[in-house]
Amino acid sequence: MKILKYVGIALLALILLGVGGFFYLGIQSQSGTAAGIIAGQLKDCPDSPNCVSSESDAPYEKRVDPFPLSVWETLPTTLEDMGGTVTLQEEFYIAAEFKSAIFGFVDDVEFRLTESNVQVRSASRVGRSDAGVNAARVAELREKLGS
């Protein structure tokens, strides 16, 4: 019986440590800003699977299609309707943040206006996996914009 008690205590401690780690990462992700434009493009996706991008050099598994020019003017309103917060809006660049409900993880969604389309990048600030959230967000945005 004592062994079961110690196993239970150890299991509970591991669960609390894991939950605490997620809260810590959530808090860490709340500092910082979107990467912005680097050398004329949105920042490359990291090696981790928690990012998608339409920029031409994005790896196949992280690649999404760019948006048509026609969505540029409605992007800020649509992002906010989806629960995002537009943090920067310039003539050729828009950045927004989305925060997860439970642990407060922050994802950045960025857009770059070009002559022919609107490039997009959606990425988690921390962690390795996003359970497909960034790709799903871009797909939902595409659906809402009718593109």
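Two strands count as paired if DSSP finds at least two bridges between them. Strands (E, at least two residues) and helices (H or I, at least four) are DSSP runs, numbered from the N terminus. With that in hand, welcome to this structure, a predicted model in which local features need pLDDT of at least 70 and side-chain atom pairs count only at pLDDT 80 or more, while totals for chains, interfaces and linings use all residues. Residues are numbered from 1 along each chain as its sequence is written, and side-chain values use heavy atoms, leaving out hydrogens and water.

**The sheet**

- In strand 7, Gln119 is the bridge partner of Arg112.
- Strand 6 and strand 7 pair in the antiparallel sense, over seven bridges.
- Five strands make up an open sheet with antiparallel pairing, in the order 3-7-6-5-4.
- Strand 3 (51-53) and strand 4 (85-89) are at the edges with a single partner strand each, so one side of each has no neighbour in the sheet.
- From one strand to the next, the twist averages 15 degrees.
- Helix 3 packs on the sheet and touches strand 3, strand 5, strand 6 and strand 7; its direction makes about 145 degrees with that of strand 7. Such angles run from 0 to 180 degrees between N-to-C directions, with axes fitted to C-alpha atoms (for helices, over the stretch in contact).

**The nonpolar core**

- A nonpolar core is a set of buried Ala, Val, Leu, Ile, Met, Phe, Trp, Tyr and Cys residues joined through side-chain atoms within 4.5 Å. Buried means under 20% relative accessible area, exposed over 50%, and partly exposed in between (1.4 Å probe, protein chains only).
- The largest such core here has 19 residues, and those with the most contacts inside it are Phe67, Leu75, Leu79, Phe111 and Leu141.
- Helix 2 (75-81), strand 5 (93-99), strand 6 (106-113), strand 7 (118-124) and helix 3 (133-145) each supply at least two residues of this core.
- Leaving aside residues up to four places away in sequence, Phe67 touches (heavy atoms within 4.5 Å) a set of residues including Phe111, Val118, Val138 and Leu141.
- As general background, nonpolar side chains tend to be buried together in soluble globular proteins.

**Salt bridges**

- The structure holds six salt bridges, each being a side-chain nitrogen of Lys or Arg within 4 Å of a carboxyl oxygen of Asp or Glu.
- Glu55 forms one with Arg112, and their closest N and O atoms are 2.9 Å apart. The pair links the loop between strand 3 and helix 2, where Glu55 sits, to strand 6, which holds Arg112, 57 residues apart. Both Glu55 and Arg112 are buried.
- Arg125 pairs with Glu97 in another salt bridge, the closest N and O atoms being 2.6 Å apart. Arg125 is in the loop between strand 7 and helix 3 and Glu97 in strand 5, so the pair ties together parts 28 residues apart in sequence.
- Arg137 and Asp107 meet through their side chains in a salt bridge (3.2 Å, N to O). Both of these residues, Arg137 and Asp107, are buried.
- Salt bridges that share partners join Glu97, Asp108 and Arg125 into one network.

**Two loop residues**

- Ser48 lies in the loop between strand 2 and strand 3, and its relative accessible area of 10% makes Ser48 buried.
- The side chain of Ser48 makes a polar contact with the side chain of Asn50 (2.7 Å). A polar contact is a pair of N or O atoms within 3.5 Å; within protein, one must be able to donate a hydrogen and the other to accept it, and residues adjacent in sequence count only if both atoms are side-chain atoms.
- Ala39 is in the loop between strand 1 (37-38) and strand 2 (41-42), and has a positive phi of about 55 degrees although it is not a glycine.
- Ala39 counts as exposed, at 81% relative accessibility.
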